[in-house]
Amino acid sequence: MHNCPPPKDALKDWLKQYPSVEDRYGHLLLEARKAPDTALVDALRPYFESAHLDAREHFHTQIGIDLHPDSDGGEAAPSYPRCLPPTARRGLFGEVAAGLATEAYQKTFLGQHAWVVPIFLFRYHADVEAYLWTLNFDPDRKRQIFGRFGSDFIGVALSDTGEVVRVIAGEAKWRKNLTESQVDGILLGPKKKNKKTGISEHNGRGVWYELNRDTPIPHGLRQLQRLLEARDPDGFAAAILSIDQAIAARDASFPRTNLLVIAGNGAATRSSSEPVIPWEVLPEEYTAPHDLQVVEMILDDGEELIDALYDSLWDAD
Amino acid sequence: MAERDAERIELAEQIRRELAIENEISSIQARSFVRCLQTTWDVDTIAWGDRDSNSQLSDARRLLHAAHIFQEIQGPESIGAMDCYRRAGELLEWMTRSDDSVRTLVPIEIMASAAYQLGKLPAMASGLLSQVGIEHQGVALYAAFLRADFDGVLSATNNFWAANPDLTTRDAGQLLSHEDVSDRVGSDIDPVAWLFTVELVRSLGLIADTLRTGNVSRFEQARKKLEALDQMALRTLSEDAALIVSLLQQVTESYARASVYEPIKTLAAMNPEREPRLLEFARDQFGRGRGMLWSSQILGLKRLTEGSSFALCTPTGSGKTLVANLALVKELLLRPAAPLVAPLALYIVPSRALAGEVETKLRSELGRDMIVTALYGGADWGITDFWLTGDEPAVVVVTVEKAEALLRYLGPQLIARLSVLIIDEAHQVVPDAKEQTIQRFAEHGSRALRLESLVSRVLTRKPEVARIALTAVAGGAAGPVARWMEGNAEAQAVGLRYRSTRQVVGVLETNPNAANRVLLEIMNGSLLTIRGRDDPVYLPLRIPNMPELPARMRNSLNRFNSTSVLWTAMHLAQEDQRILISVAQSPERLMEWFTEALALDSWAGVPRFERPDGFNGERFDEARATCLDYCGEESFELALLDQGIATSHGQMPQRLRRLMTEMIERRICPVTVATATLTEGVNLPFDLIFLTSLKRAIWDSANEERDEQPMSTAEFRNLSGRAGRPGASRGVEGMTLIAIPTRPSATAAGTIPLQRRQQQALSNDYEELRTRLLVEEGEQDSADSPLSALLRAIWDRAFKLGVGPDQFLQWLEITPAESISSTAGQDANDELSQLADALDELDAVVLAAIAELEEIDDQALSPAQAEEHLSSLWRKTFSAVAAAQEEWMQQAFIKRGLGVAETFYPTTEERKRLYHYGFTPLIGRRFEALFEPIRAILAASVGYGSLDAEARINIFEDIGHLLAADRGYGFRVRASVGDQAILESWPDVLGWWMNEPEVPGPGPKELRSWQRFTSDNLEFRMGVAIGAVTARIWQEGADNALAAPSLDTWKDTTGLPWFAFWARELLRWGTHEPFVAFALSQGVAKTRDEATERSDEYKTWLLAETGKQEPEDLIDPQLFLRWRASLPHTDAAAQAIRTFSASLSGTDGRHDRYSVTPIVRDGSIRWLDPAGFELAFSTDHVEAIPAKAASDDYVLEASASNTRVIRTFGKK
C-alpha cells in the first residue's frame, strides 16, 4: 500500500501555487521556483518509492519467472522502475505527480475533499496496449485498436467509516515543452489532415474526449478495488463494499471529480504565472457532468529531475 | 473483511436477480436476443441504438463483477457465479453475433467466450468463436485459447515466433533485466508493454502445450507466470485489457481442473503397465478437441474411477461417449483378464445408424487396443466378425434386436466373455403411451420390452458384469435407470441437468400471403419470459412472402403449412443454417408436395442449390447415383436431392440412408426431410428443426378406426435435442419450431370452416405438448416400465373377458395362449386374440430366461429352480425398480413362467428350439413345420453361383411362398388397399428389390410402400425365417455350446451351400449377387451397377487363381476376401519421416528431453520450446514438416552423441 505522506515542505520550497476555484472548475498552477537539486530529489524519493512499491513487487515477480526450459529461476536482477527507458519514466512520473498533487494540494482543490491514493495504477500508454491485440511490434505505426483506454490516475475520498464517498480520476500528461501546440495536442488529440480542406486539424480524441465519455463507474475503479482486496482487505473492507454497492446500483455512482494533470517545462515564450489552460472559466470542450480539477506543473529542467529521481529509486539496493 | 462478506454476497445476489435469473430475461435482453437471431439469419433487425449497446455492455461488466464477488467469497464452484457468468456470456454473445459496433470498443467475443468457459458452458464458448470473424492476431490467439483449441494456440504462437526470431534467444525472457533493453527491443518507446505481450504469448503457448501433453511441472511454471502477468495487467493495463488477461488466467485455472489426464492417471493406477497407452489416449483426446472435460464428464469419470456400474444422465451432446469409452478401457484393458477368455463389451444402441457412428468413433480411438465391430449385415454374424474367434478384447456395437439374436446364437460364449454392458439412450426402456397398449404387445412390437428382457436376463446370468447406462435427462427415467444399473434401491444417476448449448422451442407462424414469424417460447426447458411482462418474444423473419399457392395446394391446410415451412427453410438455408423438416409419418407425401412446389413457376426465384465442387461434389454424385439406383429416375427423393434436400426414413435402403446422412453431415444438403428414425441418437449438424405436425395417425385395428396419437414428450425431446449439437452444428443454439398457420389458407368458403378447426387443433396439440414439456422438466423419480405394462395390459384384458382378480394368478398358470383364441399368433385384432398374443409375448420373455439357463447347465430346470430363477430375474428387471410395483406382478410373472415350463412348453428340447428360432413360442411352434422345407430349399441351392438372375430369385420366391400366407412369422401389411395390393403381388416387389433385370419398379408415389414391404417382410421377416433355420442347423452341427462360427468351418458344420450364408445379406442389399453384397458392404463399389461390373474382375482373378469357376467358388466369401486382399494398397502416408537429426542452439541439453515444436525459417527447421525459445535446429527434411505441425508433438533428445528430434504424436 502507498502510505508515505507528500513532502509538503520540500514542495513548498520548490513550487509556487496559483490556485483558483470557479463554480465547478478548479485550477492549480504550480510553477517551479528553482531548478531541481539533490535535496529535492532526496525529498521526493520516499514518496515515489512508496507509490511504485506495489507495482515493483509484481513487476519483479513476473520478470523473475523465466519460462526457458533450462531456467533454474532466480538469476534475474531487474530493478523496476529504474530499468525503464526515458519515455516510460516520464509517463510514470506524470502518474505519480498526479497523486502527489492530489494528496499535497487538496486544500486548494475544488471542494477540498480529503483525497487518498491507497495504491497507484501505472497505465501503459494507450497506443502500446495495441501490441496486446495485434501481436505486432511496430514503433512507427501505432494505433489504438479498441475503444477507450481509461484514466491514468484514480484516488478516493473516504468517509469516517471508510466507505468511498467520492472518486477522483483522470489523466496525467508529461510533455518536455508545454508549447501551445503540444498542449492543444493533449487536449484535443493529434492533428490529422482534413481530406476535404487539406488543412491539418485536431482529431478531437484528446483528454477532453476521454474525460467526457468515461463510464459512470470510472474505468480503473474495479482494478483499484481488486488491489485493495489483495493488499489490505480488512483495512479497506468498507471501501471495497461501497464500490460493490456502486456497481450493483445500475444508474447510481459516486460523486466524482475529473482530474487533468499536465506537467512539463514551460515554453520558451511563457511568462511567469501564465497558465497553459485558462483558469477563469470551465473549458467549453469539457462537457462531462462532473467537477473538473486542472493541475499544471510548470518545471525547469524537468527531465533532469525525472532522470535523477528515477536513477535514485531503490539505489541503495 | 469477513463480516462484510454477507453484505457483498447480497449485492452480488442483487445483480444476479436483476440480470441473471435463468431463462428469465429482461425486455432489453429479449430484444438483444431477437436482434442476434435476426442477424444470424440475415433478415432485417429490430431498432437498436448505441445506448442499448452500452447498457448491455455495462450489464455484462456488472455480471462479471458479481461473479467475481461470488467466487471471492464462495470459491470457484459458486452457483451464483455460474449464473452470472452465463448471463454475461449471453449478453456479450448476442451483441457479438449482432455485429454490434461495441466490438470496436472491446473484443466482446473474447469476454463472452471466457464468461461461458467460466460458466461451464464450453460448447457455447467454442460455438460462438467459430462463428465470428477475428481481425487481430492477438485476439485470434486468445480466442483459440478460450475455445480450448490448443493446437490453434500453438499454431498462432509459432507464427508469432517465426515473425520475431529475436525473441527466441536464450536470454529473451530476461530482456527487462538488461540495462540496454530499449536498444535490444529496438525502440525507446515503453518496451514493457511489448515485453508483457511477449511473455503472455510465451505463457499461453506453454500452457497449451503442457495441457495437451499432460506435463504437470512446466504447466505449473506457466500458470505462475500467467498469474504474475495478471497481477501486472491489473496495475498497468486498461480495465478491459486487464479484464481479459484476468479471464485468461481464470480460464487456465478451470482448465487445470478439467484435464482428461487427471481421471486417466487415476485409472492407470489400476494397471501401471498400461499407463503409457492411457496417456496416449489422453493425448489423442486433445488431438480431437476433447481433452478438456465438461462438468458432466468430470462427474461421470469420477464415478467410473470409484465404481463399475452407474447411470450417467446428461443432456444430449455433453460428451457421454468419452465416459463410455473410458469404461471400455477400464473393463477391457485394465482389469486383469481371466485366462484364455478375451473380455467383451456389448454396447447397445437404439438404431443401426447409431451403431455405425459409435463403431467409427470407437474404432478410431481404441481400434489399436480392441476389436470394435458393429454388426450391419443381414446375418447374425458376417465375414468380418473376427471378434468371435479372436483372443483380443472386443466391443460389439449392436441394436437390441441384434443383441437378442447374438445371445440366442452364441449365448454361452458371449456371456462367458462379457465384461461390460453399455446401454446408450437407456431411457428408451421407458415405454411411451402407445407402447403400453395391448395392441402393441400383441404385435410383438415393443422395443422397450425387448431391451428390458435382454438386459435383465444378462444381469441375471452374469450379475458381476459392469454396466453403464447413458441416458437423457428429463422424463423421470434417470433415477429408475440408475437403480436398475446399480441394483441398489438408493442409487442416483450421475450427471447434471443443464444443456450444453441453448435449446429453443417455439412456433413458426405460417401466414397465407403474408410474412411468417417465429414465436420463441421455451428456452432450455423453461418458459422464456420477459421479466415483469407477459409479452411473448417474437422474431419477425422478414423473408419474402410465399406466393399464393394454387387452389389444389392451399385447399389442404396441412399442405399449405408444410409448403410454407419449405419456403422458409429454403430462404434461411442461404445463411449457412442446416435445417431439418421432421415429419411424423408418410414422408412420401411431404416429398411429393415439396417436389411439386419447387416446380411451380412462382417459386422460380427461390434460392437454389448448387452441387459443390471437389470432394464434396464427388460424395454428392455418389449419393445421387445410389438414389437413382434404389429409387429411380422419377422418384421424389432424386428430385429433392437435386435441389439440395436430403431425405431419410426408416424404410429407405440402408446404403442410401447412410449416404443421405453423409450429405447432411458434410453439410452438402442444407435442408433435410426425414422421419424420426434419422435422428435417433445420431449427431447431425442441424441448427433448426421444423415440425409440421405433433400427431401421428394410427390404425386401431381392434376397433377398425383411425386414431391420432400425440407425439410423446420423450420423442419430442429426443428430436429437439438434435438441434444445435455442440461440435456438429454451428453450435451455440438449436431451435425447434412447430409450424402453425395463423389462418386458413383456402379461399373457398366451403373449406374455410374445416381449416379453422384444423388450425385450432394444431394449436391445441402444441399447447398440450408445451404444458407436458414444462411439467416434466421438473424432477421425477419414477417411470413406466414395459414388463409391468405388459402384465397390466394382460390383467386388464383378462378382467374384461371375465377373469376375476382372485382367479388371475391361477388362470395365468394354466391357460396356454392358443386356448384363448383360435386365431392366436396370427395378427388377429379381436380382443381374445390380442390377449392370447400378449400372453405369447410374455411367454417369450420367460421362455428365453428358462431356456438360457438350461443351455448353460445343459439340463432341465426343476419347478423349484425355475421359480427361483424367475424370481431372481424379476428382481433384475427395470419394472422392479422403475416405480412402486404391486405385489401381484412378481407373482404373475413367476406363475406364468411355471406354466410355460411345466405345462405349455414342457420339454427342454422344444424350449431350446423355440428359443433359438427367436419367434414368440406360439409362432415358433408353427414355424417348426417350415424348418424342413426351408432347409431343403437351402440345401438344394448348390448351383446358385452360376444361376441366372431369374433362377436365383425363384429360390427366394420359393421360400417366400412358404411364408406369405402366415400372419405370425410370415408377411404382414397394413389394412390399407394399397398395401393389400402389394401383398397380393409380392413376387413383383421381390424381383424389383433383388434387382432382377427388366423387372419394373414402383412409381414415385408407390415407392415408399414398396420400400416398406421390402424392409418389413423381405429384409426382416424372410430374413428372420432363413436366419432361424440356418442358426438351428449350425447349432445342431456344432460340437459344443461355446463354439463360434467361422468361415473356415461354416460349411462343414452346417452342410449347407454358400447361398444359405448369403441369403440374408442379399435381402439386405437388394441384390441376388453375393459379390455385389460383398462389394457394397466392404466399400469396394458404390452402387449395385458398379459392383456388378467389378464382379467380372473377381471372376477373372478366380480363374487365374484356381483355374476354374465352380459355382460355389463364385460365391465363396473366403475367396472374396482373398481377392480383396490381392488389390493394391494405397497407403503412402505411413511412410512419413518421424526422426530429424538436430543441432542444439538455445540449450545446453541439461534435461536430455525437451518438448519442441517446429517452425521453418530460412530453409531450416527451428525447434522451439512451446514458450518460444529456440532450442535446436535441423537442416534436413525441412519438407517433412507438415503445415499443421503445431498440432503434433515433437521431442528433442539432447544426448551428446546423437541429438535428434522425434515426432511422438501426429494428429489424425
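How many residues of chain A are in contact with chain B, and how many residues of chain B are in contact with chain A? In this predicted model, 58 residues of chain A are in contact with 68 residues of chain B. On the side of chain A that touches chain B, the elements contributing two or more residues are α2 (38-64), α3 (86-104), α4 (130-134), α7 (221-231) and α8 (237-248) of chain A. By residue class, that side of chain A comprises 33 nonpolar, 15 polar and 10 charged residues.

The largest nonpolar core has 467 residues, and those with the most contacts inside it are Val261(A), Met111(B), Ala311(B), Val481(B), Phe690(B) and Trp1167(B). For Phe690(B), once neighbours within four places in sequence are left aside, the contacts are Leu508(B), Val565(B), Ala569(B), Ile579(B), Ile581(B), Ser582(B), Leu737(B) and Ala739(B).

The surroundings of strand β8 (residues 502-510) of chain B were examined next. Of the 9 residues of β8(B), 9 are buried, so this strand is largely enclosed by the rest of the structure. Strand β8(B) pairs in the parallel sense with strand β19 (residues 733-741) of chain B over 9 bridges, and within this pairing Val505(B) stands opposite Thr736(B) of β19(B). Strand β9 (residues 517-523) of chain B, by contrast, runs antiparallel to β8(B) and is joined to it by 6 bridges, with Gly506(B) standing opposite Leu520(B) in β9(B). The hairpin formed by β8(B) and β9(B) has 6 residues between the strands, and Asn513(B) in this hairpin takes a positive phi near 60°.

Further along chain B, an open sheet of 7 strands has the order β20-β26-β25-β22-β23-β24-β21, with antiparallel pairing. The antiparallel pairing of β22(B) with β23(B) extends over 5 bridges, and Thr1157(B) stands opposite Leu1168(B) in β23(B). These two strands, β22(B) and β23(B), form a hairpin with 2 residues between them, in whose turn Asp1162(B) has a positive phi of about 50°.

Helix α8 (residues 150-163) of chain B lies across β22 (1153-1161) and β23 (1164-1168) of chain B, and runs at about 60° to β22(B). The loop between α7 (137-146) and α8 of chain B contains Ala148(B), which has a positive phi of about 60° although it is not a glycine. Ala148(B) is buried, with 25 other C-beta atoms within 10 Å.

A positive phi, of about 65°, is also found at Asn995(B), which is not a glycine. Asn995(B) is placed in the loop between α40 (986-993) and α41 (1007-1037) of chain B, and is buried, with 22 other C-beta atoms within 10 Å.

Because 21 of the 27 residues of α32(B) are buried, the helix is largely enclosed by the rest of the structure. Just after α32(B), Asp858(B) takes a positive phi of about 55°.

Helix α38 (residues 949-963) of chain B includes Leu963(B), which counts as buried, with 22 C-beta neighbours inside 10 Å. Not counting residues up to four places away in sequence, Leu963(B) touches Tyr969(B), Gly970(B), Phe971(B), Arg1021(B), Met1022(B) and Ala1025(B). Leu963(B) and Asn1017(B), which are 54 residues apart in sequence, have a C-alpha to C-alpha separation of 9.6 Å.

Technical notes:
Residues are numbered from 1 along each chain as its sequence is written. Chains are lettered from A and ligands numbered from 1 in the order in which they are written. This is a predicted model: local features need pLDDT of at least 70, side-chain atom pairs count only at pLDDT 80 or more; totals for chains, interfaces and linings use all residues. Two residues are in contact if their C-beta atoms, placed from the backbone, lie within 7 Å. Helices (H or I, at least four residues) and strands (E, at least two) are DSSP runs, numbered from the N terminus. Ala, Val, Leu, Ile, Met, Phe, Trp, Tyr, Cys and Pro count as nonpolar, Asp, Glu, Lys and Arg as charged, and the others, Gly among them, as polar. Two strands pair if DSSP finds at least two bridges between them. Axes are lines fitted to C-alpha atoms, for helices over the stretch in contact, and angles run from 0 to 180 degrees between N-to-C directions. A residue is buried if 20 or more other C-beta atoms lie within 10 Å of its own, exposed if 12 or fewer, and partly exposed in between; C-beta atoms are placed from the backbone. A nonpolar core is a set of buried Ala, Val, Leu, Ile, Met, Phe, Trp, Tyr and Cys residues joined through C-beta atoms within 7 Å.
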